[in-house]
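Trainee: I would like to learn how to read a model like this one. Can we go through it feature by feature?

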Amino acid sequence: MNDILRSALAELLAGLPPKQAAGAVERLIANYRGETPTTAPILRDRADVAAYAAYRMPATFEAVRSALEAFAEAVPDWTPGSHVDVGGGTGAATWAVTATWPGERSVTVLDWAEPALALGREIAAANPALRDARWQRARIGSALTLDSTDLVTVSYVLNELAEADRAALVDAAAAAAQTVVIVEAGTPAGYARVIEARDRLIRAGFRVAAPCPHSAACPIVPGTDWCHFSARVSRSSLHRQVKGGSLAYEDEKFSYVAATRLPAEPAPARVVRRPQIRKGQVLLDLCEAEGQLRRTTVTKRHGDLYKAARDADWGDAWPPDGAESGGPVS
Ligand SMILES: C[S@@+](CC[C@H](N)C(=O)[O-])C[C@H]1O[C@@H](n2cnc3c(N)ncnc32)[C@H](O)[C@@H]1O
């Protein structure tokens with residue numbers, strides 16, 4: 001994780017009695033297990049928000065950063081000059097944008113939970129690229145309009161909205177931005193929200209730059225599987241306290257779509273499951289430019305491509321630039 005963010009969150013936690021922090025996290029987990037969409041903010045006060053920031057922000061940051069990095073590979077010469085983060089909460093996506101494209105830009109974070117915005121502003125003081133960010137109250141709904149911007153991010157928000165509000169948000173983002181990046185939990189429900197938004201963005205004239213190598217329909221038969229990826233997140237002392245165990249990290253599963261009106265070169269194919277490494281061969285499950293899923297086996301006789309397959313990770317573009325095949329891949 002970004003070192004400045006990690007120390008800003010550690011400092012935040014140092015100011016909270018451990019019992020209070022653990023209690024707020026437990027309340028938060030219980031709330032998120034409850035009915036969504038909600039009619040009022042779940043993040044009601046500073047303890048809720050501090051718990052959210054310490055407990056969830058490292059994971060949402062890493063998920064958004066992975067999505068943005070995949071997008072940046074498809075549009076390598078582009079840097080956003082302005083960014084609006086809708087349902088931005090404590091600003092995880094703003095940190096992920098500055099980690100992907102360093103430097104200053106106009107940044108606006110919109111959310112209906114004032115305590116989240118206040119804490120986001122406080123944490124962002126540690127990041128020079130976010131010093132001038134605007135943290136504004138806004139309710140997502142049919143009245144939402146967004147100022148024109150290069151990039152809109154919507155991370156871990158769609159699942160908290162009713163269907164009409166999800167549609168209004170995606171339409172407002174499509175009307176305002178050149179590029180829209182949407183991230184949700186890597187669950188069947190999160191994936192379904194992402195696909196719904198992806199279809200809407202394509203209908204609005206956007207092209208998918210990542211993760212899909214194409215802008216055709218998703219080849220996954222609804223209900224049989226869900227497209228998702230994984231980002232490694234270091235665990236904080238609060239994680240260990242709440243969840244027990246001694247693992248130094250956990251894997252955040254997420255689904256996403258990054259769509260744009262810019263000229264983009266999506267990956268030729270993407271690795272959509274953890275590669276299986278066997279003796280002398282690697283099995284890769286790929287989503288391909290032709291809009292279909294295919295398993296390929298890369299063996300030692302493929303030379304450099306085999307070396308690349310051994311290094312390939314779930315979520316990577318395939319084949320990586322420069323990897324050459326010694327023979328046909330089945
Ligand atoms: C799970 S948090 C995600 C926060 C942040 N985007 C992240 O990735 O860490 C969901 C956020 O959406 C905001 N939200 C939910 N419904 C909203 C609505 N109708 N209008 C504005 N914000 C909303 C919540 O207040 C909360 O900050």
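Trainee: In which sense do strand E11 and strand E12 pair, and over how many bridges?

Mentor: Keep in mind that this is a predicted model. For a strand pair, look at the direction and then count the bridges. Here E11 (residues 281–288) and E12 (residues 293–299) run antiparallel, with seven bridges joining them. Across the pair, Asp 285 stands opposite Arg 295 of E12.

Trainee: Which residue takes a positive phi in the hairpin of E11 and E12?

Mentor: For a hairpin, check the residues between the strands. This hairpin has four of them between E11 and E12, and Gly 291 has a positive phi near 85 degrees.

Trainee: How many helices and strands does the protein have?

Mentor: There are nine helices and 13 strands. The radius of gyration is 20 Å, close to the 20 Å from the globule rule for 330 residues, so the protein is as compact as a globular protein of that length. Buried residues make up 45% of those 330. Of the contacts with a separation of 6 or more, 73% join residues 24 or more positions apart.

Terms used: Residues numbered from 1 in each chain as written. Predicted model: local features only at pLDDT ≥ 70, side-chain atom pairs only at ≥ 80, totals over all residues. Helix = DSSP H or I, 4+ residues; strand = E, 2+ residues; numbered from the N terminus. Rg over C-alpha atoms; globule rule 2.2 N^0.38 Å. Buried ≥ 20, exposed ≤ 12 C-beta atoms within 10 Å, placed from the backbone. Contact = placed C-beta atoms within 7 Å. Pairing = 2+ DSSP bridges.
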